[in-house]
Every structure is written in C-alpha cells, then in structure tokens.
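These are my notes from an afternoon with one model. I wanted to look up the confidence first, and then the contacts.

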Amino acid sequence: MLVEYSSLITLIALTAILAFSFYAVLIAGQLSLAQLGLASLAAFTSSLVVPDEPLFGFIPPLAVGIVFGMCVGILAAFILGLPVIRLRGVFLAIATLAFGEMVRIFLINQTWTNGAQGLGFPKLVGIEVAWIALIVVAYWFWRLSGSRMGRAFAAIREDELAATTMGINVARYRMASFVIAGAVAGLYGVLLAYFSRFADPNEFSFTAAVDGLVTAVVGGVTLFVGPLLGSVFLSVLPELQRLLGINAGWIRPTISGVLLLVVILFLPGGLSGLIPRRKSAKRLVANPALRPDLPALPAPGTELVSLQGIGKSYGGVHAVRSVDLSVQAGEVLGLIGPNGAGKTTLVNMVTGLTPPSTGTGVVLGAALTAGTKAHRLAQSGVARTFQQIKLFNRLSALENVLVGGYRITHDTLLRRLLFLPSARRFEREAVAMASAQLIRVGLGDKAANAAGDLSYGDQRRLEIARALASHPSLLVLDEPAAGMNHVEAGRLSELIRSLAADGIAVLVIEHNVRMMLATCDRIMVLNFGEVIASGKPADIARDPKVLEAYLGSAGNDADVEAASVLAAENLAEVAVELAREHEQGPDAVIGDDAEPNGAAEPEDKR
Amino acid sequence: MSDPILSVEGLQVNYGRVEAVRNVSFEVATGALVTLVGANGAGKTSILNAVSGLIRPRHGVIKFKGQDITKWPAHRLVKAGLVQVPEGREILGTLTVAENLSLGGWHRGSTLNANVARVYDRFPVLFERRRLHAGALSGGEQQMLSIARALIAEPEILLLDEPSMGLAPKIVDEVFSVIEEIRSTGTTVVLVEQNARRALAAADFGYVLETGEITHSGPAHELLADEKVIEAYLGLD
Amino acid sequence: MQLFLDGIFLGSIYALFAIGFTLVFGILDRLNLAHASVFTAGALVGIEVVSRFGISIWLAIPLVLVLGALLGVLIERIAFRPLAGRHDAHFAGLISSIAFGAIILSLLQALFGADTRRFPADAFPQARFEILGATVSLLQVIILVISVSLMVVLTWLVAKSKLGRGMRTIAENPHAAAVLGLNVGRISSTTFAISSALGAVAGVLFTLNVNAAQLGIGHAVELKALAVIVVGGMGSLPGALVGGLILGLSEVLAVNYIGSSWRDMVAFGLLFLILILRPQGLFGARKTREV
Amino acid sequence: MRKKLFSAAVCGSALLLAITGCSTTSGNGTKDDGATGSGTGADCVIKSAVPISAAFSLTGAAAQYGASQKNALELAVEDLNKVGGVTYELTVEDDATDPKQAIQVFDTLIASGAAVIIGPTLSNTAKQTNPIAQDAKVPVLGVSNTAAGITEIGDYIFRDSLTEDAVIPQTIKAAVETLDVKKVVVMYSNDDAFTESGYQAFAAALKDEGVDIADTLTFSKADTDFRALLNKAKKSDADAIVVSGLIDAAVPLVTQAREIGIDTPIIGGNGFNSPALIKGAGKAAEGVIVGAAWNSASDNEQNVKFIEDYTAKFDAAPDQFSAQAYAGLQIIDHAVRAECSAEREAIKAGLGDITDVPTVLGDVSLNENRDAVHDALVQVVKDGKFAILE
C-alpha cells in the first residue's frame with residue numbers, strides 16, 4: 001500500500017517545501033516568483049559538486065547537495081534581493097518572474113546542464129528524507145511564527161511604514177524573508193532533482209512557479225501548516241479522482257478547477273482557515289511582577305529635540321519653512337494650525353520619515369539628514385501615531401502592542417528553535433509589558449480583537465498603546481482625539497499628562513482646542529508652514545493672529561473670544577490641579593487596574 | 001411636523017457575531033436636521049451605512065418616503081435622493097476636483113452642469129482648484145469637496161458622517177454653517193457627530209446611542225440640558 | 001527596415017493582448033489570469049464557427065466579441081465579485097482566476113480536442129505588399145492599426161467617459177464609489193466584459209497571423225503581456241502599446257544581433273532593468289505615499 | 001494545542017492512506033492465476049485478460065499527442081481482441097504533461113498489476129518515470145520517446161519509436177542527393193528535448209554530408225510567430241532550411257516562410273510528420289521534405305487498414321504518434337504470444353526477441369539496445385499528400 005503511494009507521499013512533502021518557500025516571502029507581504037529559478041540554480045549547480053561517494057568517508061553525498069543547494073539559494077536570493085528588494089507588490093512579482101525566466105533561459109543555453117535534454121541525477125531522496133526535510137522546514141516556520149522576527153514580518157506585511165516607526169529595519173527584514181525563501185527554494189530544487197533522478201530547466205518554469213504560489217495560497221499563510229495542507233489538497237486531488245474512477249482527460253482538470261475555485265472563494269485565509277485557532281495567540285498578562293526593569297527615561301528638562309531653521313519643500317511648494325523647535329523631557333508640546341499648515345510634515349521630519357530640505361536638527365542625539373532612517377530614530381526612543389490610523393489590522397490588539405515593543409524586547413527565534421526556557425521568559429515579559437500598555441489605554445478587554453475590527457476611537461487608543469510599548473523618550477501623537485467625544489478626549493488628556501509626568505516628552509497635533517489648552521505645557525501654531533505663535537496655552541488662546549488664522553474670527557468674534565477666555569480659565573484650573581498631581585507623583589489614569597509605564601519607583605494610588 | 005421622510009424600525013446590524021446595532025428605531029421628519037450622537041463604537045456609522053444600503057441589516061425595516069428600501073442597493077438609493085457624505089471624506093485623491101464633483105452627479109445627467117455651477121458658486125475655492133488632483137487639497141477643502149459632491153446628487157435627505165473630524169476649529173465653523181445652509185434649502189439632514197455639543201446646538205431633534213441602542217431621544221435643546229447626556233457625552237464645562 | 005517592421009508587428013500582437021489585459025489589471029487593479037484562456041477561447045471558437053459553419057471571418061469576429069464579453073462577465077461574477085471586501089482579495093483573485101481559466105481550458109479541450117487548429121486558408125485575404133523594401137501582410141497592418149486605434153479609443157474611454165471615470169473611481173476606492181451611487185458591480189462587469197471581448201478578438205487575430213491555435217497559445221503570450229504592461233506602466237494604455245512595441249523590437253534585434261537563443265533573455269533582462277531603474281514603468285505615475 | 005493540531009494532521013493523512021489503500025485492487029498481477037497460458041504464437045490461449053497500462057499526456061501542453069496515442073491504443077486493443085486466444089484490458093492514465101504527475105501514475109499502474117506499461121508521451125517525462133518501472137521490474141515500451149538515453153535506463157525499457165539518429169541521416173542524404181543542397185540554415189526549438197536531439201542529429205548528418213551551416217537559429221516550443229527568424233534566415237541565402245520542431249511550430253513556420261517569400265525547400269524531422277502539416281499549411285507545405293518513421297502513403301496492407309479504421313472511428317487521420325502507438329501494442333501482442341504468458345518477466349523476454357514483426361510501421365525489430373529498428377522513409381509533400389521522395 002505504501003509502495004503504491006510512496007511517490008505521492010514524497011511529492012506531497014516536496015511540494016509542501018516549495019510552498020513553504022513562497023510562504024516565507026508571503027508572510028512578510030512580498031510576492032516573489034523567483035523561487036523556481038532559485039531552485040533550478042541550486043539543483044543544477046549541485047550536480048557539479050555532489051560526490052559519488054561519501055565525502056571524507058562519512059558525509060553522505062545528499063547532505064553535501066542539500067547544504068550546497070541551500071547556500072546557492074541563499075546567495076542567489078541575496079544577490080537578486082539587492083536590486084529588487086525595494087520593489088513592492090506586483091512590481092516585485094514581475095521582476096522576480098523575469099529573473100526566474102532568465103535563469104531558465106540561461107540554463108537551457110548552457111552545455112553543462114545538457115540544455116533541454118536535461119540532466120540525470122542519482123536517486124538519493126526517498127520518502128523519509130523528504131518528510132524529514134519538510135518537518136524541519138515546518139518546524140522552523142512554526143517557531144518563527146511566535147518569535148519577535150515572526151511578528152516583525154507580520155507587521156511589515158500589514159503596514160511597512162508603521163513597522164518602520166516601531167524601529168523595525170524593514171529593508172533588512174524583507175531581505176531576510178527573501179533569503180530564507182531562497183534557502184528553502186534551494187532545498188526544494190536539490191530534493192526534487194535527487195528524487196526524480198532527472199531535471200531539465202523547463203520544469204522550473206513560470207507555470208511551476210504559479211503552481212507553487214497556488215499551493216501556498218490555497219493552504220493559507222496565516223498558519224505554518226498552510227503549505228502542507230495546500231500540498232496535500234492539490235496533490236491528492238488527481239489521485240482521488242483516479243480512485244473514484246473518473247476518466248482521465250478533460251473532466252479531471254475541470255473538477256480540480258472547480259474545487260480550487262470553491263476553496264478560494266469560500267475559505268478566506270485558505271485551508272488553514274478551517275483549523276480552529278485560539279481566540280488570540282496570547283492572553284493578557286496583567287501581573288506587574290513579570291515586567292522587567294526598563295532603562296530610565298531622560299531626566300525631566302533634558303532637551304530631546306532641537307531643530308533650527310528646519311524646512312521642507314516639495315518641488316517649489318514650501319510645506320514647512322524655517323521652523324525652530326525644542327522639546328524637553330517631561331513636557332507636552334502642542335502643535336496646532338489650519339489643515340495643511342505643515343504640522344504633519346514637521347512631525348514626519350522629527351520622526352525621520354521625511355528628510356528636511358533645509359536647516360539642522362538633532363533628535364535624541366541623532367542628526368536629521370537625508371540619510372536619517374526612521375527605524376533608527378525609533379530605536380533611539382521616538383514613537384508615534386498617525387493621522388490616518390496605521391494599525392496592523394489583521395493582528396490582534398495585543399499583537400499590535402507586542403510589535404510596538406520590538407525595540408525593548410529580545411529576539412527569540414534561536415531560543416525558540418532550541419526550546420530554551422529563556423524564550424518563554426522573554427515572551428512572557430514582552431506580553432506583560434504589552435498588556436500593561438493595553439490596560440493603560442483602556443483596551444484590556446479587547447486584547448484578542450483584531451485591530452481592524454475595533455471602533456475608530458479604540459483604534460486611536462490602540463495606536464497610542466502600541467507607541468508606548470516601545471518605552472519611548474519622545475512620543476509624537478498626530479490628532480489622537482479625532483473621532484472622540486468630549487468625555488473621551490478628556491480621558492485622553494489625562495493620559496497624556498500622566499505620560500509627561502513619567503518623563504516622556506510628548507509632541508501632539510490636535511484640533512480639539514479645548515483639550516489642547518488643557519493638556520499642553522506649550523503650544524506652537526503653524527500657518528502656511530511658518531510658526532505664527534508660540535507660548536503658553538493661555539497666551540495662544542488670546543493671540544489675535546491665531547484667532548484670525550485658526551480659531552476663526554470670521555463670523556462670531558464674540559463667541560470665539562468668549563470660548564477662548566473660558567478655555568484659558570479652564571486651563572489655569574487644570575494646570576493648578578496638574579501641578580499638584582505632579583508633586584504627588586504619577587497618577588493611575590484609566591480604570592482601577594491601570595499601571596503607569598514601567599515606573600521604577602513605587603507609586604501612590606489614589 | 002410633517003410625515004417622516006425616513007423611518008427606521010427595529011434595525012439590527014451584525015458584524016459576524018458582534019451585534020453593532022440592536023433594535024434601533026427612529027424617524028426623521030421632512031426638512032428636519034436630526035443628529036445621532038454617542039460614544040465611539042456606539043453604532044452610529046453602522047446605522048448610517050445600513051440606511052444608505054452599504055451594509056445589509058440583520059433585521060429591521062427602513063422606509064424612505066414611505067417606501068420600504070431595506071434591500072435597495074446603494075446606487076438605487078442615491079438615485080432616489082438618499083445621499084451620504086461618508087466618514088473620512090472618501091474623496092478620490094487621484095481624480096481631479098472637477099471629476100470628483102461630476103461623480104457626485106452620476107445619476108443626474110441633465111442637471112449635472114447646472115448643479116456643478118451652483119456648487120462652484122457656493123464653494124469658490126473648489127472652482128479655483130477644479131483642475132487639481134483632489135488629493136492635493138487641504139483637509140478642510142476635502143471636506144467641502146465631499147459635501148459639495150453629495151449636493152450635486154440632488155439629495156432629498158443628506159446623511160453626514162462625522163463632517164468635522166480632523167478639521168481646524170475655523171473650518172468646523174464653516175462646515176456647520178454649510179450644514180445650516182443645506183438645511184435651510186429644505187433638504188433633510190441626518191448628522192452623526194462626535195462634537196455632540198455642536199451637533200445638538202444645530203439640530204432640531206437628537207438621538208443618543210450607547211452600545212448599539214438608543215438610550216435618549218428628544219428635541220435637541222432638551223438633550224443639551226439633560227444632566228445624564230451632559231455627563232456621558234458633552235463633558236463638564 | 002524589415003527588422004524594424006518585424007519588431008513593430010510582433011510588438012503590436014503583444015500590445016493587442018496587453019491592452020485588454022491592462023484594462024482590468026492596471027485600472028481595476030485586479031490581475032485576471034483567466035485572460036489567457038479567454039484569448040484561447042476566442043481563437044478556437046472563431047475557428048470553429050468559420051470552418052464548421054462557413055461563416056465569414058467578418059461575421060465571426062463580432063460573434064467572438066460577444067462570446068468574450070460574456071466570458072468576461074462570468075469571470076467577474078464568479079471569480080472576482082465574491083471576493084469583494086476581503087482583505088486577501090488580490091491573491092484570492094489571482095488564484096480564482098487561474099482556476100476559472102483552467103476550467104475554460106478543459107472545457108475547450110472537451111469541445112474541440114487538443115489538436116492544433118487553424119482557420120481555413122482562405123478565411124482572410126492573403127494580400128501582401130512592399131513598404132520601403134520590406135514585405136508586409138495586410139493582416140499585420142490591420143493588427144497594428146487595430147492595436148493603435150484600440151489604444152486611442154480606450155484611452156479616451158478611460159480618461160473622458162463616464163464609464164472610465166467610474167472605473168477609475170472603483171479602482172481607487174470601491175467604498176467611495178458605492179457611497180456616490182455608482183453601481184460598482186455593473187461597472188466592474190462592464191470593464192471585464194470589454195477586456196475579455198478584446199482578449200477574445202485578439203485571439204482570433206493572433207491565430208490568423210500565425211496560422212495555428214491550440215490550448216496553450218494564451219499562456220505563451222500571457223507572460224510577455226505581463227511584461228509589456230509593467231514596462232509600459234501599470235494602467236497606462238499608451239504604455240501597453242509602447243511597451244509591446246519595445247518588447248517586439250528588442251526581440252527582433254536580439255535575434256539578429258545577439259543570437260536567437262538569447263532572445264527571451266534580452267526581453268526579460270530588459271523588463272528586469274526597467275523595473276529596477278523605473279519601477280513605475282515608462283508611462284506610469286509614481287504613487288505617493290501618505291502618512 | 002499546536003501539538004494536537006499536528007497529530008490531527010498526521011492522523012488525517014494516515015486515514016487518507018488507509019482509505020486509498022483499501023480501495024486498491026488485489027495487487028501484483030504477476031501472481032494471478034491464469035496469467036500463463038498454453039500454446040505459442042497464434043495458438044496461444046491465456047485465460048484471463050492481459051492488463052496493459054498506458055500513461056499518456058491527455059491534458060496539458062502535450063495533450064494533442066497523448067490524445068491520438070490513446071485513440072490508437074483503443075483501436076489496437078479492439079483489433080487484437082478480435083483475434084482470439086489472448087484478450088487485453090487497457091487502462092490509459094493521464095500524466096497531465098507533468099513529470100511529477102507521471103511519477104505518481106507509474107506508481108499506481110505498477111501497483112495495480114500492469115503487465116507492461118506503454119508510454120509516457122514525452123522523453124523527459126520518461127527519464128523520470130522509467131527508472132521506477134525498472135526498479136519494480138515492469139517492462140515499459142515507449143511509443144514516442146526519441147531522445148537519447150531512454151533505453152539506457154535499464155533492461156526493462158524498450159521503445160518502438162525510431163530515434164532521430166535513425167531517421168535524420170537518411171533524410172539529409174536523400175535531400176542532398178535530390179536537391180543538391182550545399183548551404184543550409186538550421187532552426188530548432190532549444191527548450192524541448194525531442195527537437196534539440198533532432199537538431200543534434202541534423203547537425204551531425206549535415207557535417208557528414210559536407211553541407212555548410214550558414215546560420216543556426218533557435219526558438220521556443222511555445223513560439224508561433226517566426227517572421228523575425230525567417231527574415232534572418234532569408235538573408236543568408238541558403239539552399240534549404242532545416243527545421244527540428246514540433247508540429248505546433250511546423251505549420252506556422254512553413255506558412256510564414258512562404259509568406260515572406262522563402263521559396264527554398266524546407267527539411268523537417270519526425271515532428272513534421274503529421275497530416276496536420278498538409279491540412280494546416282495547405283499549399284505552403286508543398287515541397288517540404290520530412291524524414292519519418294511512418295508514412296501514411298505506405299501501401300503496407302496493415303497500414304492501409306489502420307488508416308481506414310482509425311479515420312472511420314475517430315473522424316480524423318492518424319499521425320505518426322498514433323501509428324507508433326498502434327504498432328506498440330502489436331509488438332507487445334507478439335511478445336506475449338511468444339512466451340504465451342502475461343507475466344512481466346515473460347513479456348520482457350518476449351520484447352527482447354522482437355525481430356521483423358510486421359506492424360503498421362513495417363517490419364520492426366528491437367535491437368540489443370532495446371531500440372527500434374525499421375526502415376525510415378524520406379517523404380516529400382506533393383499535391384497535398386506525403387509521397388516518398390525519389
């Protein structure tokens with residue numbers, strides 16, 4: 001019985017390995033069709049080095065082939081990656097497709113590959129080798145999926161820009177996924193050649209690449225068993241039809257096509273979507289004892305951001321011109337101004353997303369230049385939220401925050417591969433820190449919900465929690481109160497004050513003037529890219545230029561004036577109150593179980 | 001008040017197993033400005049989307065001008081005069097301002113040009129920028145474009161979802177004055193707003209939503225004075 | 001001169017396929033891999049009606065056009081519409097269109113067998129003439145003219161017509177399109193119908209030109225057409241034409257000056273280089289990212 | 001949790017195997033009673049039907065060849081079963097033009113007790129499947145594999161298809177003699193094993209005959225537009241164009257050559273030997289010289305009947321693929337009757353002794369390398385028909 005299906009079972013394993021090679025890039029949100037080209041490079045070049053006899057008398061020839069093939073895959077993927085890694089989506093797919101075809105044509109035109117006549121290989125791979133290889137590969141991806149590296153891939157897949165601002169070096173991780181995929185592709189090429197005893201370059205064509213992609217997608221990329229499921233489904237289908245006595249010929253591909261269509265239309269997330277998953281990969285860990293000690297934040301008053309004459313122009317349009325800005329640890333600096341005044345451009349410069357055109361600046365010790373990388377700044381302690389919410393929508397709320405903790409958590413992949421106890425400990429620490437942030441913003445009960453399913457206001461809060469998870473020295477909030485009503489905005493204001501009290505410097509853009517007046521230590525007003533006013537909230541609220549440009553003096557001068565006076569008075573009260581709280585130490589903000597951010601000193605509770 | 005132009009009865013909206021809206025019923029009188037206020041996730045946007053045919057309700061009956069429109073697709077409703085200005089503006093950034101406006105008049109072939117001219121009159125800034133890509137406009141201008149685009153569809157009832165979100169106070173003033181103006185021309189307006197104080201001040205009638213259910217309703221000025229409403233949504237002064 | 005014309009004609013064939021393809025791919029942003037099967041279906045059905053029923057080619061072409069449009073509607077309804085709103089719509093659409101294409105192909109095999117088929121020798125006037133010392137057939141000129149005029153007509157359609165505006169709106173933001181009262185389903189169907197109708201007719205013209213059609217012809221051109229679309233710039237119809245011509249020319253030049261074994265290497269190498277140097281393609285606009 | 005999942009997956013696949021295992025047939029055919037009969041040759045009587053299996057490409061890129069092979073085998077079984085004494089039971093499986101699929105098909109066929117396997121359609125597939133049969137000691141008869149190295153796989157592998165080496169030298173010799181060819185352009189598709197080995201045979205033969213090769217042009221088996229290549233070939237002013245290509249390429253290539261004004265003779269290999277050439281290329285095919293293992297115009301009695309029967313049954317003229325498949329079963333029949341046994345070893349031995357067996361291809365022998373030996377023909381298209389080149 002086994003004999004009859006030994007090839008089928010072996011091929012299931014091999015096809016699954018190929019699908020894993022696609023899986024490796026898909027989990028990082030990339031589509032590469034070069035896998036078959038890499039596989040054929042590995043297969044054919046391995047024929048040049050694999051010895052007939054065990055090497056040094058004990059290394060089996062296949063081991064030489066596998067190691068060599070994987071190295072070829074890695075090397076070729078790396079060299080290919082250098083130019084193409086910056087391409088995205090379909091452009092990457094087409095460029096890699098072109099590469100795959102170029103490899104095929106190259107190999108066909110070589111004499112050592114015997115061209116289209118193909119090359120014979122000794123039979124070294126059987127059912128055992130194939131499945132052992134598959135299990136090793138699957139094990140790797142299983143351990144990868146819960147590691148920090150796995151989370152970084154998921155974050156890149158969901159939103160590259162947001163991932164960058166978490167401190168993730170997107171280019172390096174994309175290359176890593178590319179290279180891992182190359183290694184797996186090389187493994188596949190060698191195994192296939194030494195299983196089927198023959199290979200010609202045409203077997204590694206575009207069609208084969210599409211087959212591999214179909215296998216990976218049908219299986220699903222949300223779970224590491226996806227490629228195996230896809231491979232079983234697609235490999236067994238023809239066999240099953242044969243057993244059912246369906247005549248060979250056009251009927252079989254028709255049925256296969258219909259079934260494939262049904263699977264893809266009715267099973268979002270592929271076959272692995274059928275496997276029930278736990279509500280969330282991780283549960284909230286609310287025990288503060290599990291949280292590790294974090295390095296202290298800069299002392300209050302330390303200058304963290306210092307910009308002189310910074311400006312940005314887009315093809316002659318000055319979005320920001322010659323702005324001086326200084327932010328100190330422990331203060332809340334507000335940035336207000338009409339829509340389109342350049343506020344977001346300014347904070348993009350501060351967070352390294354946009355290089356300044358003119359001026360100089362230092363953020364957390366790093367100079368802002370054209371070469372400043374956002375992930376570098378994030379690594380040194382800058383965190384931010386976005387005006388257009390950029391969450392990792394398909395990840396749970398907790399997972400989002402876990403990615404946010406990238407900067408202060410350990411990479412656990414190697415430890416996880418070896419099942420070291422420290423892997424577990426590090427993971428628990430990371431979850432504990434993330435949980436604390438989630439609870440702090442009031443989303444403790446929604447930890448397992450997918451970020452994309454949260455309401456608008458909750459998404460805003462989650463973004464803040466994610467930013468806080470990196471234990472930042474400087475937090476940049478871009479319209480955090482948008483979509484919140486007055487009561488919610490009030491709570492947000494309290495949260496921001498408590499962050500400042502912890503020693504974080506907060507730079508906030510917001511149109512909710514009442515909230516800004518109540519929250520900020522200083523406010524800067526931008527209009528047409530220039531600072532038109534700067535100073536204490538009470539002064540800003542009375543500044544005629546600000547009234548004119550921003551608060552609106554057009555129709556109801558009296559009303560606005562009254563409102564701003566009222567706001568200023570409010571502020572005075574709030575300020576007094578806050579000053580009092582400052583002296584008392586940081587304050588628990590939301591809910592009874594909320595904890596301040598990584599506070600080292602014991603805290604007073606109300 | 002005259003007959004309701006819009007009536008919603010027993011509306012329930014589900015996302016998967018989550019009940020976003022539970023047994024919500026309300027009426028909008030012809031020519032009135034009605035506002036739905038409530039916290040985040042209370043289901044305001046879900047109600048609007050169900051009314052404009054963008055999502056299918058689980059239960060409930062929606063009537064527009066006496067006709068049952070519960071199962072009508074969005075495009076049919078727009079043609080019939082029920083138009084939404086969506087949350088987040090949803091302008092088409094790669095299309096020009098003029099193209100965005102003409103999309104508003106998808107079902108208004110004959111009157112399109114006249115409508116566009118009228119809108120340009122009302123919003124001269126859009127006329128100035130008619131050849132620019134809409135993505136190049138500032139946030140306030142985009143919101144005006146979004147409203148103007150809806151007006152070109154000749155709405156009998158206009159559903160506005162968070163029109164003041166992310167806008168400078170001065171622009172918010174302008175948005176509200178535009179809403180007043182629209183209403184003064186006889187168009188019925190349903191307004192969903194986070195800025196509950198502002199919305200209630202402008203509205204005739206208000207409904208307060210909490211986790212998918214209507215908890216308070218009444219003439220807007222009464223709600224503005226209601227202690228509970230103040231505490232939950234308006235904040236203390 | 002012959003070289004140049006050969007390249008142009010070869011390229012116009014690629015362009016013919018690519019223009020229909022890019023309507024859906026570049027403008028609706030959906031990669032419809034069943035397009036190759038529609039191309040094959042157009043060719044085989046065209047042959048069938050001409051050779052079996054003795055219908056003139058001029059009548060057969062409109063018939064094939066209608067068939068293509070119907071297939072397009074089916075593809076949209078079955079393989080794409082159910083995916084609307086799913087976060088993996090891109091990938092899923094890729095796979096579902098592959099599956100749908102495979103079904104079309106196996107049904108074609110059931111209907112017409114797997115043999116290579118062709119139009120009767122007299123199906124199309126065999127006129128040939130000389131231009132500047134180069135031999136040119138009437139059909140080649142017609143194909144070039146059709147490609148260019150299709151490009152012009154479709155460019156106008158997409159840029160100026162109401163339908164085109166609808167298409168672009170749906171591509172950019174289907175939700176906004178629905179809010180604005182656009183019948184998203186119908187516009188998508190129409191786009192697929194136009195695209196597939198063009199694909200089917202392209203199949204007929206292609207077959208007339210090379211005098212052979214079998215189940216695999218679609219796939220042979222598909223890969224090149226993908227290259228053409230990307231070289232020309234996603235969603236750019238002039239780009240599809242120019243991209244096709246560039247590919248055609250480069251292949252012909254490669255055959256003559258580098259060696260025919262390396263012809264496809266040159267084509268794909270060129271594609272690769274263009275992507276590296278100018279990822280948005282020759283006529284594509286770089287998308288700006290927003291924060 | 002994860003562990004559970006994994007074990008579930010393992011259990012699932014085990015279950016699948018169990019199901020499939022249960023439903024397979026009784027297993028090794030060689031142990032069946034009644035596989036060996038009494039008598040020899042025409043008198044041989046074997047009680048149970050002889051299980052013959054074939055693996056052809058019924059779908060996918062090579063489907064058009066597989067389809068005519070399948071037709072011919074069905075016809076052959078019908079004809080041979082009428083003779084009496086020995087009956088054949090034919091199973092045709094589809095390898096979908098995919099070597100991986102073919103490997104699985106071979107496994108299944110071997111396990112289900114095939115006495116002999118015919119196929120697969122393509123040479124490169126054969127290189128992956130035939131070792132499996134060799135290991136399992138199941139005889140294989142290739143009926144369309146022409147590439148080098150097929151029968152070298154082992155002593156259970158035979159073929160009745162002439163290699164290009166056996167056909168092409170004759171073709172070139174005849175062409176040189178009759179047409180006085182001195183300089184040629186060679187064209188071939190370099191991504192196909194069959195056509196590339198054809199090219200190598202052409203190149204060797206041309207060298208032997210002292211013919212100049214002015215230019216060598218390659219194309220892809222998927223190509224259909226050859227104008228660029230042909231225009232280049234035209235420039236070199238050769239006496240003839242020699243093409244090694246499949247029938248897919250033959251028709252467009254020949255018609256396009258005539259279209260752009262190439263009037264020189266075109267010489268093709270086995271791939272051109274198909275009625276489709278004449279049907280498809282029409283007038284343009286006139287004068288094309290084709291070396292072939294089979295000629296439809298041959299007046300061999302068996303052949304005439306085969307063509308009639310095939311045309312009547314399938315409403316299409318047979319091509320070389322079908323003729324070779326038909327002849328394949330004739331050869332197997334001979335081998336079975338020789339030892340009067342349906343056992344694999346007996347059939348293997350019988351195939352080893354095939355000498356001058358009359359078939360639709362003419363009198364066929366299998367040599368010590370288990371390759372076919374029979375007369376090849378050089379044909380020329382004349383008045384819409386293949387005729388022997390004289």
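**Confidence**

I began with chain D of this predicted model, where the mean pLDDT is 87 and 91% of the residues reach 70 or more. I then went through the elements of chain D and noted that strand β3 (residues 116-118) of chain D has the highest mean pLDDT, 97, whereas helix α1 (residues 2-22) of chain D has the lowest, 46. Over residues 1-32 of chain D the pLDDT stays under 50, and for this stretch I find 24 contacts beyond four places in sequence. Where pLDDT is low, the predicted coordinates should not be read in detail.

**Two domains of chain D**

I next looked up how chain D is divided, and found domain 1 covering 43-162 + 298-375 and domain 2 covering 165-292. The C-alpha centres of these two domains of chain D lie 29 Å apart, and the contact takes 10 residues from domain 1 of chain D and 13 residues from domain 2 of chain D.

For the area buried between domain 1 and domain 2 of chain D I noted about 980 Å², with carbon and sulfur atoms giving 53% of it.

By class, the side of domain 1 of chain D that touches domain 2 has five nonpolar, four polar and one charged residues.

**Chain A against chain C**

Turning to another pair, I found 48 residues of chain A in contact with 42 residues of chain C. These two chains, A and C, bury about 3,900 Å² between them, and 80% of that is on carbon and sulfur atoms. I counted zero salt bridges between chain A and chain C, and five residue pairs in polar contact across their interface, both residues at pLDDT 80 or more.

On the side of chain A that touches chain C, the helices that each supply at least two residues are α3 (61-84), α4 (89-108), α9 (206-219), α11 (251-266) and α12 (343-350) of chain A, and α4(A) gives the most, with 11 residues. My last entry is the make-up of that side of chain A, which divides into 35 nonpolar, eight polar and five charged residues.

Notes:
Residues are numbered from 1 along each chain as its sequence is written. Chains are lettered from A and ligands numbered from 1 in the order in which they are written. This is a predicted model: local features need pLDDT of at least 70, side-chain atom pairs count only at pLDDT 80 or more; totals for chains, interfaces and linings use all residues. Side-chain values use heavy atoms; hydrogens and water are left out. Domain bounds come from an automatic or database domain assignment. Contact means heavy atoms within 4.5 Å. Buried area is the accessible area (1.4 Å probe) that two parts lose on being put together, summed over both. Ala, Val, Leu, Ile, Met, Phe, Trp, Tyr, Cys and Pro count as nonpolar, Asp, Glu, Lys and Arg as charged, and the others, Gly among them, as polar. pLDDT is the predictor's confidence in each residue, from 0 to 100. Helices (H or I, at least four residues) and strands (E, at least two) are DSSP runs, numbered from the N terminus. A salt bridge is a side-chain nitrogen of Lys or Arg within 4 Å of a carboxyl oxygen of Asp or Glu. A polar contact is a pair of N or O atoms within 3.5 Å; within protein, one must be able to donate a hydrogen and the other to accept it, and residues adjacent in sequence count only if both atoms are side-chain atoms.
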